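Student: I have just opened this structure and would like to understand the words used for it. Could we go through some of them together?

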Amino acid sequence: MIASIDYVEVGVAFCLVAAALACLFDRHLKRASSLFLLFALLMSLSWWLFDAPGLALAELVLGLTLTGGSFFYALNAFPATAEKVPHYDRSLHRWSHKVVRAVLALAWSVMIGGAIWFLLPDMAYSPTEHPLIIAAVVIVATAMGAFALHRHMLRRLMAFNVLGSGVFLLLAGMAGTMPGSQALISVGLTIAWLGTLLGVLLIRQLVSLEGLLALESDSDATGHAQ
């Protein structure tokens, strides 16, 4: 029997992936932070579709409000009088850097796909019936690639959070959204926010001591856009 298609979940999954991609690869830091708010809102809706209203609320509080707010708190430390636009990542990298990072991301994607294929019979939510699980795989793979590619610390911190969201969705797909699973994911969301807050505080301190270029320093960087 062919499983019925939930077009609402299909739409949410598509929008979730689109928001993640836009957030991860937009060089304008304020716009990327705003896109992260949209991503967190869609994550909350995803948890609601998984019949986990507690996680939906936790995502609104920890993901949308606190984590999203932390990114804007970091941006407030960037001096508005800087010679270069402070809210734009202008770092460039050699093609060799990009190719190596792309290969790493592809390898991670293959490993994730293999693990899911191995666990497919025991998954609580089948990817063939729940497109949000497929979206989670795409988000995890893309976020890992972005984390490896980016050198700007705020963008890497954002990729870390998007990656965590995808992992939590995969965890729910494997274990379901029983109370124990929801409690574990809620703890993960809390730890992710605390890690983000620590990263934001370190970024503000680094900007205060060494300036904006310290956030873009990398041995593979070729310079900055003119």
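Student: What makes D26 and R31 a salt bridge?

Tutor: In this predicted model, the closest N and O atoms of D26 and R31 are 2.5 Å apart. The cut-off for a salt bridge is 4 Å between a Lys or Arg side-chain nitrogen and an Asp or Glu carboxyl oxygen, so the pair D26 and R31 qualifies. By this rule the count comes to one salt bridge.

Student: Why is D26 called buried?

Tutor: Buried means under 20% relative accessible area. D26 has 13% relative accessibility, so D26 counts as buried.

Student: And why is R31 called partly exposed?

Tutor: R31 has 44% relative accessibility. Exposed would need over 50% and buried under 20%, so R31 falls in between and counts as partly exposed.

Student: How do you know that the span of α2 is close to the expected one?

Tutor: Helix α2 covers residues 29-49, which is 21 residues. From first C-alpha to last, α2 reaches 30 Å, and the expected value at 1.5 Å a residue is 30 Å.

Student: Which helices do the buried residues of α2 pack against?

Tutor: Those buried residues, among them L29, F36 and W47, pack against α1, α3, α5, α6 and α7.

Student: How do you know that E9 has no salt bridge?

Tutor: E9, in helix α1, is buried, and the nearest side chain of opposite charge, R155, is 28 Å away. The salt-bridge cut-off is 4 Å, so E9 has no such partner. Leaving aside neighbours within four places in sequence, E9 is in contact with L49, F50, H130, P131 and L132.

Key:
Residues numbered from 1 in each chain as written. Predicted model: local features only at pLDDT ≥ 70, side-chain atom pairs only at ≥ 80, totals over all residues. Heavy atoms only, no water. Buried < 20%, exposed > 50% of the residue type's maximum accessible area, 1.4 Å probe, protein only. Helix = DSSP H or I, 4+ residues; strand = E, 2+ residues; numbered from the N terminus. Expected span 1.5 Å × (residues − 1). Contact = heavy atoms within 4.5 Å. Lys, Arg positive; Asp, Glu negative; His and termini not counted.
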